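This short report looks at charged pairs and nonpolar cores. Have the model open as you read.

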Amino acid sequence: MFITLYEILDVLIMTLGVGYIFMDIFRPKGAAFNLHALWLSCLVTAPGIILHELSHKFTAIAFGAEATFHAAYKFLALGIFLKLISSPLIFFVPGYVSIPANLPAYQSALVAFAGPAINGVLYLAAVIALQKSSSQKWHLFWRITRKLNGFLFIFNLLPIPGFDGFHFFTSLFA
């Protein structure tokens with residue numbers, strides 16, 4: 001099976017956690033918890049994050065490796081805690097894919113690049129949608145999609161140990 005029930009549960013929990021962290025963007029100022037704002041936040045933030053991780057997973061599977069998606073519960077909790085204390089900086093890792101097999105260097109590089117690559121594609125799609133759309137209703141959706149995926153593309157390609165960019169560049173030069 002490509003996706004297990006546990007992975008689906010982790011995707012749902014991660015989506016709600018990330019949606020909660022970013023829901024203030026969609027909530028009217030001064031309003032209490034708002035289910036509609038949570039829904040919009042999940043709709044905007046989840047695709048870039050979920051597709052990023054699933055790109056790693058399915059690229060690894062295409063190379064014959066086992067790959068399992070996990071929600072990063074401790075990091076999600078950290079992000080929620082930082083939001084609750086109104087921290088000006090919120091840093092968290094919502095999920096990751098474990099790949100136990102040792103892949104050849106070029107395959108490992110492609111698996112690492114797959115996540116940021118999908119964020120680059122989503123960024124470009126949002127840029128195009130913003131140029132073509134005249135709907136004010138969808139403008140905020142596409143603008144935040146563009147910003148989020150542009151950030152994820154660049155940040156994940158930085159060669160910081162533990163991140164995609166580090167794995168990508170070290171695999172390229174291995």
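A salt bridge is a side-chain nitrogen of Lys or Arg within 4 Å of a carboxyl oxygen of Asp or Glu. The model is predicted, so local features need pLDDT of at least 70 and side-chain atom pairs pLDDT 80 or more, while totals for chains, interfaces and linings use all residues. Residues are numbered from 1 along each chain as its sequence is written, and side-chain values use heavy atoms, without hydrogens or water.

The whole structure holds three salt bridges.

| Pair | N to O distance |
|---|---|
| Glu7 and Lys57 | 2.8 Å |
| Arg27 and Asp24 | 2.4 Å |
| Asp24 and Lys83 | 2.8 Å |

Asp24 sits in the loop between H1 and H2, and Lys83 in helix H3 (residues 73-84), so their pair links parts 59 residues apart in sequence. Helices (H or I, at least four residues) and strands (E, at least two) are DSSP runs, numbered from the N terminus. Shared partners join Asp24, Arg27 and Lys83 into one network.

Buried means under 20% relative accessible area, exposed over 50%, and partly exposed in between (1.4 Å probe, protein chains only). Lys83 is buried at 13%. Asp24 is partly exposed at 36%, and Arg27 is partly exposed at 23%. Glu7 is buried at 3%. Lys57 is buried at 2%.

A nonpolar core is a set of buried Ala, Val, Leu, Ile, Met, Phe, Trp, Tyr and Cys residues joined through side-chain atoms within 4.5 Å. The largest one has 20 residues. Helix H2 (35-62) is among its suppliers. H2 gives the most, with five residues. A second, separate core of five residues includes Phe26 and Phe141.
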